[in-house]
Amino acid sequence: MESVKQAIHAYRPQLKESSLKQYVFQLGKIQKMFGETDLEFLDHPEPVHEMVSTQGGHYTSQKNLYSAIVMYLKSIDPLRYAVSITVYETYRNDLRDKYNEEQDTGVITDKQAKNFITVDELKEFIQTMKKDIKGNDQLHMVYVMFEILSRHPLRNDLAGMKYLTQAKYSKLSDELQASRNYLVKAEGGFILIDADHKTAKTHGTIKIQIDKDTELAKILRSYLRVLEYKGGDTIFPITPNYMSQLLIKASDKYIGKNISTTMIRKIISSDKFLGAKEDQIQHAQQLGHSVQTENQIYIKKKQENVPE
């Protein structure tokens, strides 16, 4: 699939390496479904649609397959494959609309409900897992990832994270700083630097300060010491896909739930903001406008340093 990767990179050179790998991974999946040695079959959307609909998994997984197909065909020859591209975009957009409609309800789906737990249950599970980490390096890694995610619910951005001192990090070029994610040892503890993430183009690099006296800083220091990681080492030497597998495997073993980074984000965000969200919806309805209108027009903060 190297030629596929090169074609997509030439078409979209600004793509993050993680996004590029994900497109190639999805195309590999669909190629394996058909048992083909090339991707010429993608010029026939109907049989592909039938295969994806029956063997493509959850509809969000199907959407990802179609997105990869569209990207590939556009990178090869957008004029030649114009008709097929339009058909695949329709398949993808229909699934995207379905996803947006589900999110707009504000109610978790039946599938997700099976794995949805409270923050307290999440913390209890992590502490149960902690008892078994001694001598098990992989479980120790999974435990530390859960400890980080329960406080800072990132996506799968911990995968491949590199450990550096503040001095070493500051000497990196802008390109290297933006190319991957880092745990930086700073004088005041650690800085978790999330530069290579899904929305980096819009939101830029995310920097999370972890003060030296916090419980998380102690957990990180212990992890680095026990596994003997030094500056320059990759402290979570796994791929994003394998990270998901490990998180789900551990949570299934301990509590019979499939807890991924996406589920953790929903658990944490719901715990923090659901009550306020429901109150705002009720308030907006009483005033006869939407929540969007209320946020955009009516909710304002006072200006600072305004002379009286």
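These questions and answers walk through a predicted model of a protein.

Student: How many helices and strands does the protein have?
Tutor: Start with the overall build. The C-alpha trace spans about 60 × 60 × 50 Å along its principal axes. Its secondary structure comes to 15 helices and 4 strands.

Student: What share of the residues in the protein is buried?
Tutor: A residue counts as buried under 20% relative accessible area. The protein has 308 residues. Of these, the buried share is 38%.

Student: Is serine 67 buried or exposed?
Tutor: Find serine 67 in helix H4, which covers residues 59–76. Its relative accessible area is 18%. The cut-off for buried is under 20%, so serine 67, at 18%, is buried.

Student: Which residues does serine 67 touch, leaving out those up to four places away in sequence?
Tutor: Sequence distance and space distance are separate things here. Serine 67 and asparagine 93 are 26 residues apart in sequence, yet their C-alpha atoms are 9.3 Å apart. Contacts need heavy atoms within 4.5 Å. By that rule, serine 67 touches Tyr23 and Arg92.

Student: Which residues gather in a patch of positive charge on the surface?
Tutor: Take lysine 212 as a way in. Lysine 212 sits in the loop between strand E4 (206–211) and helix H12 (215–226). Patch members need over 30% relative accessible area, and lysine 212 is partly exposed at 45%. The patch gathers Lys185, Lys212, Lys218 and Arg221.

Student: How many positive and negative side chains does the protein have?
Tutor: Lys and Arg count as positive, Asp and Glu as negative. The centres of the two sets lie 6 Å apart. The counts are 43 positive and 40 negative.

Student: What is the phi of glutamate 228?
Tutor: Glutamate 228 is in the loop between H12 and helix H13 (240–255). It counts as exposed, at 61% relative accessibility. Glutamate 228 is not a glycine, but its phi is positive, at about 55 degrees.

Student: What accessible area do Ile297, Tyr298 and Ile299 have together?
Tutor: Isoleucine 299 lies in the segment after helix H15 (291–298). At 46% relative accessibility, isoleucine 299 is partly exposed. With Ile297 and Tyr298, isoleucine 299 forms a nonpolar patch on the surface. Their area together is about 330 Å².

Student: What percentage of the accessible surface belongs to carbon and sulfur atoms?
Tutor: Take the whole protein now. Its accessible surface comes to about 18,700 Å². The part belonging to carbon and sulfur atoms is 49%.

Key:
Residues are numbered from 1 along each chain as its sequence is written. This is a predicted model: local features need pLDDT of at least 70, side-chain atom pairs count only at pLDDT 80 or more; totals for chains, interfaces and linings use all residues. Side-chain values use heavy atoms; hydrogens and water are left out. Patches are made of residues with over 30% relative accessible area and no salt bridge: like charges are joined within 9 Å, nonpolar side chains (Val, Leu, Ile, Met, Phe, Trp, Tyr) within 5 Å. Accessible areas come from the Shrake-Rupley method with a 1.4 Å probe; for residues, only the protein chains shown count as cover. A salt bridge is a side-chain nitrogen of Lys or Arg within 4 Å of a carboxyl oxygen of Asp or Glu. The place of a charge is taken as NZ of Lys, CZ of Arg, CG of Asp or CD of Glu. Helices (H or I, at least four residues) and strands (E, at least two) are DSSP runs, numbered from the N terminus. Buried means under 20% relative accessible area, exposed over 50%, partly exposed in between (1.4 Å probe, protein chains only).
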